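Have a look at it first, and then we can go through the entries together.

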Amino acid sequence: MPDAAVLLELQSVALRHERFEAAATAVASDLALRLGCVRVSVAVRDTTRPDAPARVAGVSHGAQVDARLQASRAIADAADEAIDREAAVDHPPRAGAGLGLAIAHAALAHGVDAAAVLGVPFEGEGNAGAIIFERAEAMDDSQRALACDAALFVGPVLLLKARADAPFITRLRAFLPGCSAGASASSRQSSLIVVAAVAVAIGVGVCWPTTWHVVAPARVEGLGQRVVPAPADGFLQTVKVRPGEAVKAGQVLATLDDREPALEVERADAERAQFDRQYR
């Protein structure tokens, strides 16, 4: 069993990125470095559409993932093969595996400088995927166990990100099973009724007149403002009124701290007494 800390670190790599494609590329690059792979790819498939093929979402070291490229199509075919078999697929086949010849994996190994290809599938709600490992030589048992556990523990995290990044129509299709291509006529009718009801509710909510309450900080100020300057610089000791209150003529508004002026008066009195003594 691989170290759990490695699996947690791979999960943190997936969660560190906001977008699904960036997370898939980061996980693939990390696995390629850990396992010494020529290339690691992450592919996903929308299981709500039975005829939908897998698509390559991320390739290690930021390689091109254009679906029109021959390499990307070969990786997607290998991912479809692993997802359909619902088990890890090795090329060359492992002794005693009993899964038969992996045609797509063999074709992928023939097209690149990789003598061994391993495809590990993973599943999630409404989606499935696979991680394709390409190496110059076959993995040993510990490396293969890490690859399988990485797909098992990190794959569902990537599928959650893929579902969050999917368009609204795709998420609605996953939420309503009747929208899938293989659904029965009654399921489709029920789903259409639900969609229509939701659309009507949204339209009524938008058009229904309502009162809006805006919450914001506010301050009440008078039209006329008067500035009362202090006779000398200093610090306030007491404040008798608050801003905006009504005041009368002669009313004390505030008092200044007189400790420093009092000290100056005492010092002046002392100097005066000293001069008086000198004069006498």
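**Surface and pocket notes**

The model is predicted, so to speak of local features I need pLDDT of at least 70, and of side-chain atom pairs 80 or more, while totals for chains, interfaces and linings use all residues. Residues are numbered from 1 along each chain, and side-chain values use heavy atoms, without hydrogens or water.

Next I looked up the fold and found eight helices and seven strands (DSSP runs: H or I of at least four residues, E of at least two, numbered from the N terminus). Of the 280 residues, 32% count as buried (under 20% relative accessible area; exposed is over 50%).

Then I checked helix α7 (residues 185–207), where Val206 sits. Val206 is exposed, because its relative accessible area is 65%.

Last, I turned to the largest pocket, which holds about 760 Å³ of space (an open set of points on a 1 Å grid where a 1.4 Å probe fits, with protein on both sides within 12 Å along at least five of seven lines; lining residues have an atom within 4 Å of a point; the volume is that filled by probe spheres on points joined across faces, edges and corners). I noted 21 lining residues, with Arg226, Val228, Arg242, Pro243 and Gly244 nearest the centre. Strands β6 (236–239) and β7 (254–256) are the elements that give two or more residues to this lining, and β7 gives the most, with three.

Conventions: Buried < 20%, exposed > 50% of the residue type's maximum accessible area, 1.4 Å probe, protein only.
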